[in-house]
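This report looks at one protein chain, beginning with a question about packing and then turning to fold, dimensions and surface.

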Amino acid sequence: KFPLKSFYTYLKHKKYKRMDVQQFLESSTVKNIEETVDDLTEYLKGGQDRQHKTLKEAYGFLGKPEARKVKTYLQKIIDDARQYHYDRRPGRRKKQSK
(Lines give C-alpha, C1' and ligand atoms only; values in the text may rest on other atoms or scores of the structure.)
Protein backbone atom coordinates (compact mmCIF):
# COMPACT_ATOMS: atom_id res chain seq x y z
CA LYS A 1 0.00 0.00 0.00
CA PHE A 2 1.03 3.57 -0.69
CA PRO A 3 -0.91 5.73 1.79
CA LEU A 4 0.74 9.06 0.90
CA LYS A 5 -0.90 10.14 -2.37
CA SER A 6 0.87 13.48 -2.81
CA PHE A 7 3.77 14.61 -0.67
CA TYR A 8 3.39 18.12 -2.12
CA THR A 9 -0.20 18.32 -0.85
CA TYR A 10 0.92 17.04 2.55
CA LEU A 11 3.64 19.71 2.81
CA LYS A 12 1.23 22.41 1.71
CA HIS A 13 -1.50 21.28 4.12
CA LYS A 14 0.93 21.20 7.07
CA LYS A 15 2.34 24.60 5.96
CA TYR A 16 5.97 23.52 6.09
CA LYS A 17 8.52 26.25 5.67
CA ARG A 18 11.04 26.27 2.86
CA MET A 19 13.91 25.79 5.31
CA ASP A 20 12.30 22.64 6.74
CA VAL A 21 11.96 21.15 3.27
CA GLN A 22 15.53 22.14 2.44
CA GLN A 23 16.75 20.31 5.54
CA PHE A 24 14.71 17.29 4.49
CA LEU A 25 16.21 17.36 0.98
CA GLU A 26 19.72 17.49 2.45
CA SER A 27 19.03 14.71 4.96
CA SER A 28 20.34 11.16 4.92
CA THR A 29 16.75 9.97 4.48
CA VAL A 30 16.53 11.51 1.02
CA LYS A 31 19.96 10.17 0.14
CA ASN A 32 18.81 6.67 1.12
CA ILE A 33 15.61 7.05 -0.90
CA GLU A 34 17.65 8.18 -3.92
CA GLU A 35 19.96 5.18 -3.54
CA THR A 36 16.95 2.87 -3.38
CA VAL A 37 15.52 4.48 -6.53
CA ASP A 38 18.88 4.03 -8.28
CA ASP A 39 19.05 0.39 -7.16
CA LEU A 40 15.51 -0.26 -8.38
CA THR A 41 16.33 1.37 -11.72
CA GLU A 42 19.32 -0.92 -12.14
CA TYR A 43 17.25 -3.91 -11.01
CA LEU A 44 14.64 -3.10 -13.66
CA LYS A 45 17.32 -2.83 -16.36
CA GLY A 46 18.60 -6.27 -15.49
CA GLY A 47 21.90 -7.76 -16.56
CA GLN A 48 24.28 -10.59 -15.91
CA ASP A 49 27.14 -8.82 -14.12
CA ARG A 50 27.82 -9.10 -10.41
CA GLN A 51 25.99 -5.89 -9.43
CA HIS A 52 22.77 -6.86 -11.22
CA LYS A 53 22.83 -10.34 -9.69
CA THR A 54 23.15 -8.80 -6.24
CA LEU A 55 20.25 -6.43 -6.97
CA LYS A 56 18.16 -9.31 -8.27
CA GLU A 57 18.83 -11.16 -5.04
CA ALA A 58 18.00 -8.08 -2.94
CA TYR A 59 14.84 -6.96 -4.79
CA GLY A 60 13.74 -10.20 -6.44
CA PHE A 61 10.88 -10.63 -3.98
CA LEU A 62 9.17 -7.56 -5.46
CA GLY A 63 8.88 -8.58 -9.07
CA LYS A 64 9.38 -6.03 -11.80
CA PRO A 65 5.85 -4.54 -11.94
CA GLU A 66 5.85 -3.93 -8.18
CA ALA A 67 9.43 -2.59 -8.32
CA ARG A 68 8.32 -0.03 -10.94
CA LYS A 69 5.48 1.11 -8.66
CA VAL A 70 7.77 1.44 -5.63
CA LYS A 71 10.39 3.30 -7.68
CA THR A 72 7.79 5.73 -9.05
CA TYR A 73 6.31 6.29 -5.58
CA LEU A 74 9.68 7.04 -3.97
CA GLN A 75 10.78 9.27 -6.84
CA LYS A 76 7.53 11.25 -6.60
CA ILE A 77 8.17 11.95 -2.90
CA ILE A 78 11.55 13.49 -3.74
CA ASP A 79 10.17 15.36 -6.77
CA ASP A 80 7.27 16.77 -4.73
CA ALA A 81 9.65 17.97 -2.01
CA ARG A 82 11.87 19.66 -4.61
CA GLN A 83 8.86 21.28 -6.28
CA TYR A 84 7.56 22.57 -2.94
CA HIS A 85 11.02 23.91 -2.10
CA TYR A 86 11.12 25.66 -5.49
CA ASP A 87 7.58 27.06 -5.17
CA ARG A 88 8.28 28.49 -1.70
CA ARG A 89 11.08 30.78 -2.92
CA PRO A 90 11.04 34.23 -1.31
CA GLY A 91 9.09 36.88 -3.19
CA ARG A 92 6.84 34.41 -4.99
CA ARG A 93 3.65 34.97 -3.06
CA LYS A 94 0.37 35.16 -4.95
CA LYS A 95 -1.46 38.45 -4.59
CA GLN A 96 -4.88 38.38 -3.02
CA SER A 97 -7.62 39.61 -5.37
CA LYS A 98 -9.91 42.27 -3.93
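What covers the buried residues of helix 5?

## Helix 5 and its cover

In this predicted model, the cover over the buried residues of helix 5 includes helix 1 (7-13), helix 2 (18-25) and helix 3 (28-45). The residues of helix 5 that count as buried are A67, V70, L74, I77, I78, D80, A81, Y84 and H85, a list that includes the acidic side chain of D80, which belongs to the negative set under the charge convention used here.

Helix 5 itself runs over residues 64-87, and its 24 residues reach 34 Å from the first C-alpha to the last, which is close to the 34 Å expected at 1.5 Å a residue.

## Fold and dimensions

The protein chain contains five helices and zero strands, so that the pattern read along the sequence is α-α-α-α-α. Its C-alpha trace spans about 65 × 25 × 15 Å along the principal axes, and the radius of gyration is 17 Å, whereas a compact globule of 98 residues would have one near 13 Å.

Among contacts between residues at least 6 apart in sequence, 69% join residues at least 24 apart.

## Burial, surface and charge

Of the 98 residues in the protein chain, 22% count as buried. The accessible surface comes to about 7900 Å², and carbon and sulfur atoms account for 51% of that area.

As for charge, the protein chain carries 25 positive and 13 negative side chains, with the centres of the two sets lying 11 Å apart.

How values were computed:
Residues numbered from 1 in each chain as written. Predicted model: local features only at pLDDT ≥ 70, side-chain atom pairs only at ≥ 80, totals over all residues. Heavy atoms only, no water. Helix = DSSP H or I, 4+ residues; strand = E, 2+ residues; numbered from the N terminus. Rg over C-alpha atoms; globule rule 2.2 N^0.38 Å. Buried < 20%, exposed > 50% of the residue type's maximum accessible area, 1.4 Å probe, protein only. Contact = heavy atoms within 4.5 Å. Areas by Shrake-Rupley, 256 points an atom, 1.4 Å probe, with all protein chains shown as cover. Charge placed at Lys NZ, Arg CZ, Asp CG, Glu CD. Expected span 1.5 Å × (residues − 1).
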